[in-house]
Structures are given as structure tokens and as C-alpha cells.
Amino acid sequence: MWLALAGTILQLAVAAPARAQVDPIAIIDRVDRLQRGESSRGVATMEIVTEHWERRMTMEIWSLGTDYSLVRLQAPRREAGTATLKAAEDIWNYLPKVDRTIKVPASMMGGSWMGSHFTNDDLVKDSRLVEDYDIELVFDGEDADGVAVWDFRLTPKPEVPVVWGHIDYRIRQADDMPVRAEFFDEDGELARTIEHGDYAEFSGRIVPRVMNMHPADKPDERTTIRYEELEFDIDVDPSFFSLRTLQRGG
């Protein structure tokens, strides 16, 4: 997952031997699945820091494969129940204060989710990296701290309508853990960076517990997602991801 998140979270993998051929597609696919899992449920906090205000939210996240996810706010109390649902090709937002359900058009997938630096697409993982991007290994060696890493460049396929000119992804070789993803616009300018860290074990798997999003044009701002609970391979059916669940919580 994202979801967060729905979000995030692959089986621990052993790095290939140093001289073995690196398969960029396989590695990025594992990392992409790290953010999803076959099915999952988690509780995460989101902290948003901007130039003028700060806020903190708690959310519960469910996911099933790549087609279904649900994010529901638990706190603050005034926004509890606000939710985002992805079911197959459809994405919906529910606003409990006005008891209104709004379908999110494709043109809004790149828009901010709840005022954060994450987008609607980030939260519900509408796109798949290995399907939408050509992937190239651009660095195989040690970073400044002496940690063995791979750097991959992801360039969108011509027929895919994505907003990024390219993505640079750094993966730790020892365990295929994501370290950093840099997103560049169509002019080649850095737009934002996601840093992964605080690797922890949930349900027997090692995953990055924390994701920090930094917009390039506002270096003092950030959005941090931190998982407090995370479980995998839960018993959840596609019928759970319905408008009824979105609106009523079950």
C-alpha cells in the first residue's frame, strides 16, 4: 500500500551476487510490491509540515492486490471518516461532514491528498512502475556511506499518461530495500524526493516503516508517513472495497 501506504511491502529478498547479472525489472517489481503486498491492513500517521501550518492525521489503510485499496482517517476527530477508495478503475472520495461521495477523475490523480505532499495516485497506487516505465540500471556500487546500492532510471513509456519525465530510484543491494526515489518533471528538473527509512519487521517481513516526502521547490516542507501497525495476507474480499464500506465504514 501506500497504500501507504497501502502501503508498503515485500518479502525480504537476498541480493544477487556481485557478479550476477542485475535484472532491473525484477528488482523494481519487488520494490513496487513492497508498497502493496498481496493484501494488507495498516495504521499510519501522516505529519504535514508547510511554511504556514502543520497538521497530523491518523489513518487506517487496507489493500488487495493492485486493484483495491481504502484509506480512512481516524483522527483528528473533526475529519474522522473521510476516506478514499480505489475499486478496479474507479476512485472515490467520501466527505462525512456533508455525506457526499465524489468520483475522482483521472485528471485529479496528481492532485494533493488531504493537503499533503502526497498525491491521490501515491495513496491508492493507481499506477504500476514496471508497467508504466522503461527501467535502466545506471549505477552499481557503494554510496557515500559505503553501502552497496543500485540506482535505476525509470522513463515513462510513450503511450502511458504519467506526469513525470523520469524517476531515479536507489535500492539497497543487501535486501532490496528502497532508499530514495527522486521524481523529475518533463524538463528534467527535480520536483520531489521520497526517502525511506526506519526499516522494521511487520508480520515477519522487513519493510521501511517511514516515508518522507520533500518538495524540491519548498525544501523546508515535508510530509512524513509512519506505520504504527501493518499486517499482510489478511482475509479480505473484493466486496469489502465498496461504496457502502467507503461511506459507512463497513
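A residue counts as buried when its relative accessible area is under 20%, as exposed when that area is over 50%, and as partly exposed in between. The model discussed here is predicted.

Q: Which residues of helix 1 are buried?
A: Helix 1 spans residues 24-34. An α-helix has 3.6 residues a turn, so residues three or four places apart point the same way. By the cut-off of under 20% relative accessible area, the buried residues of helix 1 are Pro24, Ile27, Ile28, Asp29, Val31, Asp32 and Leu34.

Q: Which helix is among the elements that cover the buried residues of helix 1?
A: The cover of these buried residues includes several strands, among them strand 7 (133-142), strand 8 (148-156) and strand 9 (166-172). Strand 10 (177-184) and strand 12 (205-215) also belong to this cover. The helix included in it is helix 3 (129-132).

Q: Which residue caps the N-terminal end of helix 1?
A: The cap involves the backbone nitrogen of Ile25, which has a side-chain oxygen 3.2 Å away. Ile25 itself has its place in helix 1.

Q: How far apart in space are Ile25 and Val130, C-alpha to C-alpha?
A: Leaving aside residues up to four places away in sequence, Ile25 touches Val130 and Ile135. Ile25 and Val130 are 105 residues apart in sequence. Their C-alpha to C-alpha separation in space is 6.3 Å.

Q: Is Thr119 buried or exposed?
A: Thr119 is found in the loop between strand 6 (100-103) and helix 2 (120-124). Not counting residues up to four places away in sequence, Thr119 touches Met109, Gly110, Gly111, Ser112, Trp113 and Arg192. Because its relative accessible area is 12%, Thr119 is buried.

Q: How many residues lie between strand 9 and strand 10 in their hairpin?
A: Strand 9 and strand 10 pair in the antiparallel sense over 7 bridges, and Ile171 has Pro178 in strand 10 as its bridge partner. In the turn of this hairpin, Asp176 has a positive phi of about 60°. The number of residues between the two strands is 4.

Q: Which residue takes a positive phi in the hairpin of strand 10 and strand 11?
A: Strand 10 is mostly covered, with 6 of its 8 residues buried. It pairs with strand 11 (residues 190-202) in the antiparallel sense over 5 bridges, and the bridge partner of Phe183 in strand 11 is Arg192. This hairpin has 5 residues between the strands, and the residue with a positive phi near 80° is Gly188.

Q: How many residues apart in sequence are the parts tied together by Arg41 and Glu231?
A: The side chains of Arg41 and Glu231 meet in a salt bridge, with an N to O distance of 3.3 Å. Arg41 lies in strand 1 (residues 39-49) and Glu231 in strand 13 (residues 222-232), so the parts tied together by the pair are separated in sequence by 190 residues.

Q: Which residues are linked with Arg41 in a network of salt bridges?
A: Side chains of opposite charge can pair when their charged atoms come close. Arg41 is buried, with a relative accessible area of 19%, whereas Glu231 is partly exposed at 33%. The residues linked with Arg41 in the network are Glu60, Glu229 and Glu231.

Q: Is Arg248 buried or exposed?
A: Asp99 forms a salt bridge with Arg248, the closest N and O atoms being 3.7 Å apart. Asp99 lies in the loop between strand 5 (90-95) and strand 6, and Arg248 in helix 4 (residues 243-248), so the pair ties together parts that are 149 residues apart in sequence. Asp99 counts as partly exposed at 45% relative accessibility. Because its relative accessibility is 55%, Arg248 counts as exposed.

Q: What is the N to O distance in the salt bridge of Arg172 and Asp175?
A: Arg172 counts as partly exposed at 21% relative accessibility. Asp175 is buried, with a relative accessible area of 12%. Their side chains meet in a salt bridge with an N to O distance of 2.6 Å.

Note on methods. Residues are numbered from 1 along each chain as its sequence is written. This is a predicted model: local features need pLDDT of at least 70, side-chain atom pairs count only at pLDDT 80 or more; totals for chains, interfaces and linings use all residues. Side-chain values use heavy atoms; hydrogens and water are left out. Buried means under 20% relative accessible area, exposed over 50%, partly exposed in between (1.4 Å probe, protein chains only). Contact means heavy atoms within 4.5 Å. A polar contact is a pair of N or O atoms within 3.5 Å; within protein, one must be able to donate a hydrogen and the other to accept it, and residues adjacent in sequence count only if both atoms are side-chain atoms. A salt bridge is a side-chain nitrogen of Lys or Arg within 4 Å of a carboxyl oxygen of Asp or Glu. Two strands pair if DSSP finds at least two bridges between them.
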